[in-house]
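Colleague: Before we discuss this model, I would like to go through the terms used to describe it and hear what stands behind each of them.

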Amino acid sequence: MIAVEKPVMLVAIDEGKKSLYALEWTLDRFFLPCTPNHPFKIVLIHAKPSPPSIGNGGSNLKKAASQVSQTAIELCNSKSVKDVSVEVVEGDAKSVLCEAVEKHRASVLVVGSRGHGKLKRAVLGSVGDYCVHHAHCTVMIVKKPKIIC
């Protein structure tokens with residue numbers, strides 16, 4: 001019998017709460033604990049900024065990347081998802097994510113929505129929007145709903 005590899009789902013992670021919300025949302029919907037054979041292989045991708053050439057910024061970036069990865073793995077473990085790999089790649093998030101899609105031949109890329117306003121999004125650009133237009137896979141942008149009281 002031929003072993004068929006599971007499709008790859010990439011989930012972008014960073015130090016923001018919206019990133020963790022997107023990961024948790026994905027785990028709750030695609031990696032149910034009652035289902036022993038999950039439909040995807042999950043790869044968490046963290047795009048780490050390049051360190052400044054002067055100062056101690058590099059060690060702070062490494063520490064932050066390690067913390068982001070550890071928090072994401074703990075969240076996966078708490079949802080009984082054990083088969084998780086994490087990649088920390090230096091570079092701009094837009095490029096890192098699109099390159100990871102190609103590298104892993106991903107079927108799905110999940111990114112959280114930062115919720116920038118129109119002006120900030122026009123100046124900075126949206127990672128999700130860029131990936132929708134350039135990644136060669138399905139891109140799911142998870143937006144945390146606003147709580148209206």
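Colleague: What is the accessible surface of the protein chain, and how much of it belongs to carbon and sulfur atoms?

Modeller: The accessible surface comes to about 9600 Å², and 56% of that belongs to carbon and sulfur atoms; the areas come from the Shrake-Rupley method with a 1.4 Å probe, and for residues only the protein chains shown count as cover. This is a predicted model, in which local features need pLDDT of at least 70 and side-chain atom pairs count only at pLDDT 80 or more, while totals for chains, interfaces and linings use all residues. Residues are numbered from 1 along each chain as its sequence is written, and side-chain values use heavy atoms, with hydrogens and water left out.

Colleague: What makes the contact between Lys79 and Glu24 a salt bridge?

Modeller: A salt bridge is a side-chain nitrogen of Lys or Arg within 4 Å of a carboxyl oxygen of Asp or Glu, and the side chains of Lys79 and Glu24 meet at 3.3 Å, N to O. Lys79 lies in the loop between helix H2 (57–78) and strand S3 (84–90), whereas Glu24 lies in helix H1 (residues 17–30), so the pair ties together parts that are 55 residues apart in sequence. Helices (H or I, at least four residues) and strands (E, at least two) are DSSP runs, numbered from the N terminus.

Colleague: In the salt bridge between Lys103 and Glu87, why is Glu87 called buried and Lys103 exposed?

Modeller: Buried means under 20% relative accessible area, exposed over 50%, and partly exposed in between, with a 1.4 Å probe and protein chains only. Glu87 has 18% relative accessibility and therefore counts as buried, whereas Lys103, at 59%, counts as exposed. Their closest N and O atoms are 3.3 Å apart. Lys103 lies in helix H3 (residues 93–104) and Glu87 in strand S3, so the pair ties together parts that are 16 residues apart in sequence.

Colleague: And why is Asp28 called partly exposed?

Modeller: Asp28 has 33% relative accessibility, so it counts as partly exposed. Glu24 is likewise placed as partly exposed, at 31%.
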